[in-house]
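The following note sets out some points on the model shown below. Please read them alongside the sequence and the coordinates.

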Amino acid sequence: DYESKDALVKQVINEQSERYPVMSLDEKLYYNYLQISDGHEREAIRNYTEILNSNVDSSYLEALYNDLGLAYLNLNENENAKIYLTLSLKSNPDDSITLSNLGNSYYGLNDFQRAFELYANAIQNDPYNTYAIYGYASAAQELEKYDTAVDTWTTYLDLLPMDIDGWIGLY
């Protein structure tokens, strides 16, 4: 039930906001991810930037860059998203979710060929990544690769048969 999930996220954010200064780094990362999921990308970006400026251990950089990229992506600031998602991929070049998010940033910049390639890499690393499959089908349509688009929309609908966007894409 999405309404109760949204209410729970808001409750956790409200309850934890006062604790933020004394949270562990892991807690801060989780808290800021919740901020992104609740539409508070600007606050999360401020917090992530503050964390980056605090000489954070390099083992956290992949997550920080990925979450910063996601926050910028949600704001349709695709150039900034591209920067941070590319940095995240340097630590883990095979991460399917980051590859699909980076594909989304290129798609938002109308570089459909590069988006198509990134989605293909994401699917190669995780053939069940529906975000990448959706993006791949959409990019294929933009590139007028209609046979590929139809095949990919069919794959998407095999995984998520009730998703209306898949049916719209197919038709």
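How are α6 and α7 oriented to each other, roughly parallel or roughly antiparallel? The points below begin with the basis of the values and then take up this pair.

1. Basis. The model is predicted, so local features need pLDDT of at least 70 and side-chain atom pairs count only at pLDDT 80 or more, whereas totals for chains, interfaces and linings use all residues. Residues are numbered from 1 along each chain as its sequence is written, and side-chain values use heavy atoms, with hydrogens and water left out.

2. Orientation of α6 and α7. The axes of helix α6 (residues 96-108) and helix α7 (residues 112-125) cross at roughly 165° and come within 8 Å. Axes here are lines fitted to C-alpha atoms, for helices over the stretch in contact, with angles from 0 to 180 degrees between N-to-C directions. The two helices α6 and α7 are therefore roughly antiparallel, a term for angles over 145 degrees. Their crossing is left-handed, meaning that the near helix is turned anticlockwise from the far one by less than a right angle.

3. Contact of α6 with α7. On the α6 side, the residues that meet α7 include Leu99, Leu102, Gly103 and Tyr106; among their counterparts in α7 are Phe112, Arg114, Leu118 and Tyr119. Contact means heavy atoms within 4.5 Å. The residues of this contact comprise nine nonpolar, six polar and one charged. In this classification Ala, Val, Leu, Ile, Met, Phe, Trp, Tyr, Cys and Pro are nonpolar, Asp, Glu, Lys and Arg charged, and the others, Gly among them, polar.

4. Asn32. This residue belongs to helix α2 (residues 25-37). Asn32 counts as buried because its relative accessibility is 0%, where buried means under 20% relative accessible area (1.4 Å probe, protein chains only). The side chain of Asn32 reaches the backbone oxygen of Lys28 at 2.9 Å. Neighbours within four places in sequence aside, Asn32 is in contact with Tyr20, Ala44, Asn47, Tyr48 and Ile51.

5. Ser88. Helix α5 (residues 78-91) holds Ser88, which counts as buried because its relative accessibility is 1%. Its side chain reaches the backbone oxygen of Glu62 at 3.1 Å. Apart from neighbours within four places in sequence, Ser88 is in contact with Glu62, Tyr65, Asn66 and Thr98.

6. Whole protein. There are 10 helices and zero strands; helices (H or I, at least four residues) and strands (E, at least two) are DSSP runs, numbered from the N terminus. The C-alpha trace spans about 55 × 35 × 25 Å along its principal axes. Of the 171 residues, 39% are buried.

Conventions:
Buried means under 20% relative accessible area, exposed over 50%, partly exposed in between (1.4 Å probe, protein chains only). A polar contact is a pair of N or O atoms within 3.5 Å; within protein, one must be able to donate a hydrogen and the other to accept it, and residues adjacent in sequence count only if both atoms are side-chain atoms. Angles under 35 degrees count as roughly parallel, over 145 as roughly antiparallel, 65 to 115 as roughly perpendicular and the rest as oblique.
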